[in-house]
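Good morning, and thank you for making time for this presentation.

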Amino acid sequence: MVWHIFKKDLGLMWRMALAVALVDFALAAILIKLAHFGSSPALRSLLDPIRFVGIFGTAVLIVAAVQQDAIPGMRQDWLARPIKRTDLLLSKMLFVAIMARGPIFLGDLVEGLAFGFSIESSLAAATSRNLWMFLAFDLPLLAFGTLTRNLTEAVVGGLAIMLSASSVIAMLNELYRGARWQETLRTGMAWVTQSITILVVLLATMIVLAFQYYRRKTMPARWTTGAASLLFVASLSMPWRPVFAVQQRFSQNPAVARSVTLAFEPGMGRFRDPSGLRRSDRNESEMIVPLPLRFSGLPDNVVLKADHSTVRLISVDGRAEDFTTVNDLEIRKDGSADGLVRDYHSIRFVAEDYNRIKDQRVRIEIDYSFTLLTLASSHGIPAVHGEQRTGDLGWCKTRFNSARTAVQLLCLAPGKMRNCATAFLEHAASGRRNPELSNCSPDYSPYWGQLQMDAVTRFGFGLPFRDPAGLARYPIDGSKIGESQIVVRLYKPQDHFTRRIMIPEIRLSDWVAGN
Amino acid sequence: MIRADNLWKKFGRHEALRGLSFSAPEGSAFALIGANGAGKTTTIKILMNMLEPTRGRAEILGVDSRRLSPRELEWIGYVSENQDMPTALTVGQYLDYLRPFYSRWDRDLEASVRRQLRLPSERRIGDLSHGMRMKMALACALPFRPTLLILDEPFSGLDPLVRDEFMEGLLQQAGEMTVLISSHELGEIDGVATHVAFIDEGQLLFEEAMSDLTGRFREVQVTFDRPAATPAQAPRDWLHVRAMGNVLAFVETRFTEEDLGERVRSAVGAVRRIDTQPMPLRSIFTALARSARDAAEMREA
């Protein structure tokens, strides 16, 4: 009877389903049209509104499908019919899978194929994204729909949940001033927290569906939804240590970072910008203190990324105060470097905190959570009008920016892309290079695919070769750009490990960047 | 066939049912009667597992109402004035939809009921009048030849013509089926019900076979040679006692031909004449409802 109920719902809702599908197809068409550098401002301006309308339309379609045989109340005709509850539930899931998720899946698949990716990779990317979306978005919405009788109830209920959750999040943000709250979500380990939140949502979804379809207990189901919403918000604030401990278990090559050490290197002196310009580190809300560090034991061709660091300031009377930072230290060592790497760790303080402690003598302990990424592949693409397809970068193109001061590289790839890369301009004949840029926001998740907005991921760089102000000069400038290439290096995570450094008594104000 | 055992139902602080018990025998046409708000619909919703009782239990087709499954529902027809059918579907589409759920659905019977009730196949359910929707509900409840038909206020808001059509449609198909009908349209039930249960404020006042009920209720007029007076201590079986000139009138609730005269004389002394008249269900209901209301007012006072 699953198919029979599905056909009834389809007969009732095909117009709405078609309208939502058209929006989904329109979104896919725009993404295909924009491709790498599609520059139509009208199309670009349509992208976000259409995406929003598509998501909202899908949500309305799912809720409306459930409400065709609403659960709350006692007037519905189906309650007196010999309809198996399991059949009813499965028919709604089928409707969501085919009519709500199906067009999006189709759009994703066509997008991948239109970009010339293989049927296997396009299919894998579309399946992965839509499976995640089905579990994390569609099913919870279906469960939410069972709590309501009509769309008005659903909109009011949805707004109430969103407003409550936003209020709690705003309250926690205020309480933690952005320090520890949601810290894992800004790192490559966000997948651990996201997995827990998705588990919470799925568990609540199953409980609500069981309550509604097998017991018709709307009040307990609503309470479950409320409790799960709070648990969802709470699970976003997963503490760092357990998340990192989970991540360490997934280290690809745990031995590779064993020899890495670091130490405070006061001999480097205060940070001075290589350009000789006074950097404006001070703004109204924060102050940056670059501390000199020396790294040894790093293998060649690696990126060392501090995903998280806890800076503990210990005053002379023994009082300790912790400050947490994420993703603010990245060390690169290529094959040409000697054994040691020296760099500054720019620690950001809230201005108020900095002003309170800047002239005190403090000992500093820093607990680092590092990820060592090793070079996975390297690709050279002509800097001007280049086009290249590779297995791990996808389909890449290059062009000048509109001011002709930089070269842009954009790569499209089906599914999850390796998103820790560096790039630089290289003049093949002379061997000259412009400074290397990094775009390293890795996702360390071991999953196939991920929860993402689009089945085709976009990844790129803007590599400057001319300073319009004339202050900076690049080894490769406009005259050589035609004979140059962009070298892209992709890195993959190998090991996740911790280190601690102890810095003897210093004053923070002594280490603020000089000129 | 149907059994309610000490059913209680609370909505917040309001007690809709207060220990209601009754049983409808197989093959009967069992009427649940009572004023608006007496608890008839709540009882039926509990029987159909649309509501859970706060306490007590109900059995339907030998199964606890809370465990009513598609297996039992395949044998139960349900028609209610509070029944939301999918308004966007046409009459024909909805019947097409329901058909596969019932293994014993009889298409010829369906066609015959549709013809008899004059239901337009192509009309959307949402565009049907109230009366047509009730007929539609009946047309959806009969073609699978249910052994139990539950009708919750089926005549509410129907004009006389539609009522007649509805009743004709029902009676022609009734056959051996057990019918539970809740209504305050007593004129319609009068010729149909074989058993009756009277509910007031969530409690059962009585439950008995219709023949027994109509047999023991009489409108009695006692004529005196002198002006009549209401007795200070009227027998408890007399309801709605009033004096008018030389006549004392009341409703006798324990009527037997043999001992009426003696009981009257022992209560009011010598009388010239005693006249009795059988009562229709409507009058019995009115007398009982008025008596229950008076008793409640006295309790409150």
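This is a predicted model: local features need pLDDT of at least 70, side-chain atom pairs count only at pLDDT 80 or more; totals for chains, interfaces and linings use all residues.

What distance separates the centres of domain 1 of chain A and domain 2 of chain A, taken over C-alpha atoms? The answer is 41 Å. Residues are numbered from 1 along each chain as its sequence is written, and chains are lettered from A and ligands numbered from 1 in the order in which they are written.

Let me stay with the domains, whose bounds come from an automatic or database domain assignment. Chain A is divided into domain 1 (2–245), domain 2 (261–375 + 496–511) and domain 3 (376–491).

The C-alpha trace of chain A spans about 85 × 60 × 45 Å along its principal axes, and its secondary structure comes to 9 helices and 14 strands. Helices (H or I, at least four residues) and strands (E, at least two) are DSSP runs, numbered from the N terminus. Of the 515 residues in chain A, 35% are buried. A residue is buried if 20 or more other C-beta atoms lie within 10 Å of its own, exposed if 12 or fewer, and partly exposed in between, with C-beta atoms placed from the backbone. Among contacts in chain A between residues at least 6 apart in sequence, 79% join residues at least 24 apart.

Chain B has 10 helices and 14 strands, and its C-alpha atoms fill a box of roughly 70 × 40 × 30 Å along the principal axes. In this chain 38% of the 301 residues count as buried.

How do the two chains meet? Here 16 residues of chain A are in contact with 21 residues of chain B. The side of chain A that touches chain B holds 7 nonpolar, 4 polar and 5 charged residues.

I turn now to the interior. A nonpolar core is a set of buried Ala, Val, Leu, Ile, Met, Phe, Trp, Tyr and Cys residues joined through C-beta atoms within 7 Å. The largest such core has 123 residues, and those with the most contacts inside it are A:Ile62, B:Ala31, B:Met136, B:Leu138 and B:Ile150. Its largest share, 9 residues, comes from helix H1 (residues 2–34) of chain A. A second, separate core of 61 residues includes A:Val303, A:Ile381, A:Ala413 and A:Leu508. Returning to B:Ile150, its contacts beyond four places in sequence include B:Ile44, B:Leu47 and B:Tyr78.

One helix pair deserves a mention. Helix H3 (residues 85–114) and helix H4 (residues 119–145) of chain A pack at an angle of about 145°, with their axes 9 Å apart. Axes here are lines fitted to C-alpha atoms, for helices over the stretch in contact, and angles run from 0 to 180 degrees between N-to-C directions. By class, this contact has 15 nonpolar, 4 polar and 5 charged residues.

Finally, two individual residues. Leaving aside neighbours within four places in sequence, A:Arg466 touches A:Thr405, A:Tyr474, A:Asp477 and A:Gly478.

A:Lys397 is found in strand S8 (residues 394–400) of chain A and is partly exposed, with 18 other C-beta atoms within 10 Å. Its C-alpha atom is 9.4 Å from that of A:Gly460, 63 residues apart along the chain. Beyond four places in sequence, A:Lys397 is in contact with A:His36, A:Phe37, A:Gly386, A:Glu387 and A:Leu410.

Thank you for your attention.

Technical notes. Two residues are in contact if their C-beta atoms, placed from the backbone, lie within 7 Å. Ala, Val, Leu, Ile, Met, Phe, Trp, Tyr, Cys and Pro count as nonpolar, Asp, Glu, Lys and Arg as charged, and the others, Gly among them, as polar.
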